[in-house]
Amino acid sequence: PEQYGEKFLAFARAMRKADPTIRIGAIGLENYGPYQFNSHHDWNEKVMRLTGAEMDFFAIHNAYAPVGPP
């Protein structure tokens, strides 16, 4: 989450420099169902703390989806 937050901030600042009216969202992660893809159980808290001042919305999903067993 720390690396993602740092990259998000750099990206958001560059995008806002090009277009101050742009809306930018950060990715939140939750484990749904029997598959545990997110091993950072504090992801949402850390990302929101790091990027909150620069993000316009927070999209919570499993970033690895759609994935299913064979």
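Tyrosine 4 is partly exposed in this predicted model, with a relative accessible area of 23%; the term covers values between buried, under 20% relative accessible area, and exposed, over 50%, for a 1.4 Å probe and protein chains only. The rings of tyrosine 4 and tryptophan 43 have centres 5.4 Å apart and planes at 35°, so the pair is tilted. This pair links distant parts of the chain, with tyrosine 4 in helix H1 and tryptophan 43 in helix H2 (residues 43-51), 39 residues apart. Helices (H or I, at least four residues) and strands (E, at least two) are DSSP runs, numbered from the N terminus. Tryptophan 43 counts as buried, at 11% relative accessibility.

Across the whole structure, a search finds two aromatic pairs. In the pair of tyrosine 4 and phenylalanine 8, the ring centres lie 6.3 Å apart and the planes are at 40°, so this pair is tilted. Rings of Phe, Tyr and Trp (its six-membered ring) pair if their centres lie within 6.5 Å, with planes under 30 degrees apart counted as stacked, over 60 as edge-to-face and the rest as tilted. Tyrosine 4 and phenylalanine 8 are separated by about one helical turn because they are four residues apart in helix H1 (residues 2-18). Phenylalanine 8 is buried, with a relative accessible area of 5%.

The model is predicted, and local features need pLDDT of at least 70, side-chain atom pairs count only at pLDDT 80 or more, and totals for chains, interfaces and linings use all residues. Residues are numbered from 1 along each chain as its sequence is written, and side-chain values use heavy atoms, with hydrogens and water left out.

The largest nonpolar core has nine residues in all: Phe8, Leu9, Ala12, Ile24, Ala26, Leu29, Trp43, Val47 and Met55. Such a core is a set of buried Ala, Val, Leu, Ile, Met, Phe, Trp, Tyr and Cys residues joined through side-chain atoms within 4.5 Å. Two or more residues of this core come from each of H1, strand E1 (25-29) and H2. H1 gives the most, with three residues.

Six salt bridges are found in a search of the whole structure, a salt bridge being a side-chain nitrogen of Lys or Arg within 4 Å of a carboxyl oxygen of Asp or Glu. One of them joins the side chains of lysine 46 and glutamate 2 (2.9 Å, N to O). Lysine 46 lies in helix H2 and glutamate 2 in helix H1, so this pair ties together parts that are 44 residues apart in sequence. Both residues are partly exposed, lysine 46 with a relative accessible area of 23% and glutamate 2 with 39%.

Glutamate 54 also forms a salt bridge with arginine 13 (3.6 Å, N to O). That pair links distant parts of the chain, with arginine 13 in helix H1 and glutamate 54 in the loop between H2 and strand E2 (57-61), 41 residues apart. Arginine 13 is partly exposed, with a relative accessible area of 48%. The side chains of arginine 16 and glutamate 54 meet in a salt bridge as well (3.8 Å, N to O). Arginine 16 lies in helix H1 and glutamate 54 in the loop between H2 and E2, so the pair ties together parts that are 38 residues apart in sequence. A network of salt bridges links Arg13, Arg16, Glu54 and Asp56.
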